[in-house]
Amino acid sequence: MITTKMKANLKLSDDQYAKVKAVNLDFATKSDEIRKSENKKDIVNKMRNLDSQRMRSFKTILTPEQYTRYETQKNEAKERMRKNIERKIQHS
């Protein structure tokens, strides 16, 4: 689903789509394994490293314009999530 959304938002070619799909599948598989850990600090650190690897992969697949657009969309999503969490905390 993420890859399909990326294809539409970034106007990926078929070749890019296949490569991005493989990167996202690898990320999802590895992140599921990481989340099984009981140590929250390890989870956060490992997820950051895994996300950095994914971003490096995307940088080699996407055009500079696509990569910049992806980064912008990712940062906007993080900000929306942060604001939603803040709202929930304020209303509880």
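Two aromatic rings of Phe, Tyr or Trp count as a pair if their centres lie within 6.5 Å, and the pair is called edge-to-face when the planes are over 60 degrees apart. In this predicted model, the structure holds 1 aromatic pair. The partners are phenylalanine 58 and tyrosine 70, whose rings stand 5.2 Å apart from centre to centre with 85° between the planes, an edge-to-face arrangement. Phenylalanine 58 belongs to helix α3, which covers residues 40-61, while tyrosine 70 belongs to helix α4, so the pair ties together parts that lie 12 residues apart in sequence. Both phenylalanine 58 and tyrosine 70 are buried.

From this pair the reader can turn to glutamine 16, a residue of helix α2, which runs over residues 14-35. Glutamine 16 has a relative accessible area of 11%, and it therefore counts as buried, since the limit for that word is under 20%. Its side chain reaches the backbone oxygen of isoleucine 61 at a distance of 3.2 Å. When neighbours within four places in sequence are left aside, glutamine 16 is in contact with Lys11, Ile61, Leu62, Thr63 and Gln66.

Is isoleucine 89 buried or exposed? Its relative accessibility is 58%, and because exposed means over 50%, isoleucine 89 counts as exposed.

Key: Residues numbered from 1 in each chain as written. Predicted model: local features only at pLDDT ≥ 70, side-chain atom pairs only at ≥ 80, totals over all residues. Heavy atoms only, no water. Buried < 20%, exposed > 50% of the residue type's maximum accessible area, 1.4 Å probe, protein only. Helix = DSSP H or I, 4+ residues; strand = E, 2+ residues; numbered from the N terminus. Polar contact = N/O pair within 3.5 Å; in protein donor to acceptor, adjacent residues only side chain to side chain. Contact = heavy atoms within 4.5 Å. Phe/Tyr/Trp six-rings, centres within 6.5 Å; stacked < 30°, edge-to-face > 60°.
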